[in-house]
Amino acid sequence: MWGSLGEREERSAAEYRSRERRQAPMSEVSVAPSAAEPLLRVRGLAKHFPVRTGFRGQSLVRAVDGLDFDVRPGETLGLVGESGCGKTTTGRMLVRLLEPTAGTIEFEGRDITHAGRRQLRPLRQDLQIIFQDPYASLNPRHTVGRIIAMPLQVNGIEPPGGVKARVQELLEIVGLNPEHYNRYPHEFSGGQRQRIGIARALALRPKLIVADEPVSALDVSIQAQVVNLLRQLQRDLELAFVFIAHDLAVVRHFCQRVAVMYLGKIVEIGDRVDIYERPQHPYTRALLSAIPDVTKLGPGGRIRLTGDVPTPLDPPSGCRFRTRCWKAQEICATEEPALVSRGGGQAIACHFPESGPVAGESGGTAGVTVEEVSK
Amino acid sequence: MSLSPVEGVALAEIESGGPEVPERKDVVGRSPGRLAWIRLRRDRTAMVSGGMLLFFMLLALAAPLIEMLYGIGPKEQFQSLLDGFGMPLGYSGGVSGDHWFGLEPGLGRDIFIRLIYGLRTSLFIAFAAAVITATLGVVLGTLAGYLGGWLDAVINWITDLTLAMPFLVIALALTPTLVLRFYGEREAVSPAFGVAVLIGVFAIFGWTSTARLVRGQVIALREREFVEAARASGAGLGHMVFRQLLPNIWAPILVSFSLAVPQFITSEAALSFIGVGLSDETPSFGRMIYRSLDYLQTDPAYVFFPGITIFALVFAFNLFGDALRDALDPKSSR
């Protein structure tokens, strides 16, 4: 049923039809993601915001400072990290809501980093975004039908069978009642609103969706429904996702690959299993050990980081994590560790990577050391 | 129709959460505008003041019709009904069956029909000025707020400059100069020209508050996620402004409009009162009150009728504007 969505009706718009064809053979490709050409290739991506400090003084907030990653067709990449580490900025740069300061973004081999509005047009259809706050992301003055039809309207696409039919089809895809076409956002709950936002992102049949914390504003039971919906869509429509989140459990559930960010940089990137089972960067370990787990109460293997994240106005020299790292040595202050692969698909930016499984038995040493630091 | 387990869940969510929908054919939501209208309908103050406003507007619009029915024009003089000192005969300024509000001392014109025409002048000037200032304010405010950058700086600078200019002094200086520029020293100024000058003066000074308001609202909305969603879909400036931004700020614009109208009514009266506004030929509240001051002791009824009317008009406008604000923004506390 899901797969046949495309063939259900004749599509007159030429653009639309070509999109259908392009999406069709992808199912074979996505089985072996490692072999495929990346859909999205990001190199050295940076965003610096100028801020005024005092009288005539100006300095830069290095919100994102040199990211490298790839997203293959049909793949989900999770972007995790604590608040203020540059996840959202990255997501906004990917869909070109923000202009990158440096670096390149390539989509299907085309450099789109500084493409103008006209060149972006076809691209806008391939790259869509789902927002965090379901209350702010829907225009309160528009009906649900108009909200979902907006991407079609601004791109001048007239789907066969009419806009209304397409909108109702989309409402059905995201699990809402198509009869609610004429309702207003304020008549829906948070979860339903997020589904409307998802339907809007799907309207143009994108290949990649940037999901900026799509579930963090929802309560837990609704979170599961929305994440399951996204998974379902990802499988059926062969979508690639950049999934931005701070909830590690949700990321583990949803993403095939995970990138851990700290202060505007990726400190570790790898397959889900590697990141969650064998994290090598101290920060990843600390982050993972911070997951609340009712089965493991007590100080046990929890790594407690002390202090705050340093200001991105003046990030620490060398490794950015060294100010809070229990393994930091002199080299960490002088030399910035590169994001290098140490076997497998995992890449870590650390001079002294950890080994072995997380926490509990062997991770105890780290825990103890940190405990000392915190006193 | 079993698309996926997800859908089943979501449909259940709708059915349990949302209001029951008996007929499944026509589900039409109530728009925010409609909800505001329902709230307004429930507000008794709004209904009473709104009814008064409607009454005043009908009177102003139907002025020629009323003149026909009443049988007396605004320029007709009834010298025979005045005594030797030019004071109207009879009680309270000559109130009678023929002249409901009495006669003007001196010229002997009928006060009632002059009030009706004065209402027409006042409302026309106030509405025209409010429409022009609102349009100017919305255009400049949206441009400044949405495009930002140097345009914002320039528009802000002009706004500051306009706000810094003393309204009364400029109006006092500007109006006679303008009149002299087009008319000779002794020539009679046409009533339409006087009205146009007044509207022009109001337009120059009145747009700043709307522009400030709209700019602030647009800046607040510009960063909202639904606006970013439209931008991420490739929407152009026209779609952004007319479909995404303006529908969300028409409520404060409407409120500021409805509060600007009474302000212009009083300003017109004030300017006419000091003598820089309309000529004596045009019926206007300000002129009537100005003339009546000479007779404050001998014929208090003359100041009473125009005074009460302008008070009622402005009061009704302000009450209605406040009620409108409450209806459009239910979160604002009373």
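Modeller: Eight strands of chain A form an open sheet of mixed pairing, in the order β6-β7-β8-β3-β9-β10-β12-β11. The model is predicted: local features need pLDDT of at least 70, side-chain atom pairs pLDDT 80 or more, and totals for chains, interfaces and linings use all residues. Residues are numbered from 1 along each chain as written, with chains lettered from A and ligands numbered from 1 in the order written. Strands (E, at least two residues) and helices (H or I, at least four) are DSSP runs numbered from the N terminus, and strands pair if DSSP finds at least two bridges between them.

The sheet ends at β6 (127–130) and β11 (340–341) of chain A, each of which pairs on one side only. Within the sheet, β3 (residues 76–80) and β9 (residues 257–262) of chain A run parallel and are joined over four bridges. In this pairing G78(A) faces V258(A) of β9(A). Helix α7 (residues 190–202) of chain A packs on the sheet, where its contacts (C-beta atoms, placed from the backbone, within 7 Å) are with β6 and β7 (208–212) of chain A. The direction of α7(A) makes about 175° with that of β6(A), on a scale from 0 to 180 degrees between N-to-C directions of axes fitted to C-alpha atoms, for helices over the stretch in contact.

Chain A also holds an open sheet of four strands, ordered β2-β1-β4-β5 and paired antiparallel. Its edges are β2 and β5 (110–111) of chain A; each has a single partner strand, so one side of each lacks a neighbour in the sheet. Strand β1 (residues 40–53) of chain A runs antiparallel to β2(A), and 12 bridges join the two. L45(A) is set opposite L67(A) of β2(A).

Chain A is split into domain 1 (23–255) and domain 2 (277–374), with bounds from an automatic or database assignment. Their contact draws nine residues from domain 1 of chain A and eight residues from domain 2 of chain A. On the domain 1 side, β2 (57–71) and α9 (248–254) of chain A each give two or more residues, and β2(A) has the largest share, with five residues. That side comprises four nonpolar, two polar and three charged residues; Ala, Val, Leu, Ile, Met, Phe, Trp, Tyr, Cys and Pro count as nonpolar, Asp, Glu, Lys and Arg as charged, and the others, Gly among them, as polar.

Elsewhere in chain B, V197(B) lies in helix α8 (residues 191–222) of chain B. V197(B) counts as buried because it has 22 C-beta neighbours inside 10 Å, the cut-off being 20 or more. Leaving aside residues up to four places away in sequence, V197(B) touches T175(B), L178(B) and V179(B). Over residues 189–207 of chain B the chain is 89% helix and 0% strand, with end C-alpha atoms 27 Å apart.

Technical notes: Contact = placed C-beta atoms within 7 Å. Buried ≥ 20, exposed ≤ 12 C-beta atoms within 10 Å, placed from the backbone.
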